[in-house]
Amino acid sequence: MQVTVDGTAVQVSDGATVLEAAKRAGSWVPTLCFDERQAPFGACRACMVAVDGSAKPVPACTTLCREGMVIDTTDPTARRVATAVVELVLSELPSAPAPHTELAAVAAKLGVEGPRWPGATHPVAHDLRHPYLAFEHELCISCGRCVRACDEVQGTFALTAVGRGFEANVAAGIGSGFLESACVSCGACADTCPTDAITERLLLDGGNNGGPPPDAPRLRRRLSTN
Ligand code: SF4
Ligand code: FES
């Protein structure tokens with residue numbers, strides 16, 4: 001079928017999402033809970049766009065295309081919603097996301113320089129018991145990507161989404177941490193995490209073929225204090 005994204009006509013297959021159409025047209029849509037290796041989840045609401053016939057912006061990652069659909073990824077209302085989502089997420093973190101993370105990149109591209117509603121932030125809580133994986137719970141934005149990576153990609157089911165609202169987070173095992181969970185240390189959770197809440201400790205320790213990631217010193221400092 002044919003749809004139009006930001007004035008560009010593109011062909012998409014039946015069942016394609018608006019996000020897929022936008023990518024095909026070369027348009028950028030902010031995403032946080034989306035990972036193309038996983039089934040769409042629709043949790044973060046960062047990917048809002050306008051489509052003809054809809055009074056409100058719709059999430060691009062879970063909305064299916066229909067023949068002749070006209071999509072506007074730069075609609076001011078949709079961008080306002082996306083920006084507010086990112087500002088709210090940042091407001092709950094005790095420190096800014098590391099510059100190389102997906103969250104930092106999305107915030108920068110939306111022009112978000114920091115939290116708009118400073119207030120309560122997640123308490124610092126580190127699980128450093130596993131030899132390969134570090135979990136800094138305060139950086140979790142509850143996007144669910146690690147849980148789905150563990151379930152859908154790895155088939156291990158070691159992670160669980162816990163809590164609601166501000167308290168929402170992720171637990172390994174039955175709250176016992178990675179080390180005592182069913183985790184097989186595949187690293188799929190760390191690979192998909194958009195905030196580095198879950199990180200491979202080898203990377204933090206400079207084991208990345210001798211080359212630490214850009215902000216490893218900051219993270220190493222945090223680890224060494226626990
Ligand atoms: S740990 Fe990372 S991937 Fe998992 S829910 Fe939190 S932010 Fe998302
Ligand atoms: S990326 Fe679409 S709702 Fe999160």
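Two strands count as paired if DSSP finds at least two bridges between them, and helices (H or I, at least four residues) and strands (E, at least two) are DSSP runs, numbered from the N terminus. This is a predicted model, where local features need pLDDT of at least 70, side-chain atom pairs count only at pLDDT 80 or more, and totals for chains, interfaces and linings use all residues. Residues are numbered from 1 along each chain as its sequence is written, while chains are lettered from A and ligands numbered from 1 in the order in which they are written.

**View 1. The whole protein.** Start zoomed out: the secondary structure comes to seven helices and 10 strands. Of the 226 residues, 37% count as buried (20 or more other C-beta atoms within 10 Å of a residue's own, with C-beta atoms placed from the backbone). As for contacts (C-beta atoms, placed from the backbone, within 7 Å), 61% of those with a separation of 6 or more link residues 24 or more positions apart.

**View 2. The five-stranded open sheet.** The strand order here is β2-β1-β5-β3-β4, and the pairing is mixed. β2 and β4 sit at the edges with a single partner strand each, so one side of each has no neighbour in the sheet.

**View 3. β3 and its two partners.** Strand β3 (residues 48-51) pairs with β4 (residues 58-59) in the antiparallel sense over two bridges, and V49 stands opposite V58 in β4. The hairpin of β3 and β4 has six residues between the strands, and in it G53 takes a positive phi near 90°. β3 also pairs with β5 (residues 70-72), again antiparallel over two bridges; there, A50 stands opposite D72.

**View 4. Helix α1 against the strands.** In α1 (residues 18-25), V18, L19, E20, A21 and A22 are buried. The buried residues of this helix pack against β1 (2-5), β2 (8-11), β3 and β5. Just after α1 comes G26, with a positive phi of about 80°.

**View 5. The shell around ligand 1.** Here 14 residues surround the ligand, and the closest are C140, C143, C146, C193 and A197 (a residue is near if its C-beta atom, placed from the backbone, lies within 6 Å). By class, the shell has nine nonpolar, four polar and one charged residues. Ala, Val, Leu, Ile, Met, Phe, Trp, Tyr, Cys and Pro count as nonpolar, Asp, Glu, Lys and Arg as charged, and the others, Gly among them, as polar.

Definitions and conventions:
A residue is buried if 20 or more other C-beta atoms lie within 10 Å of its own, exposed if 12 or fewer, and partly exposed in between; C-beta atoms are placed from the backbone. Two residues are in contact if their C-beta atoms, placed from the backbone, lie within 7 Å.
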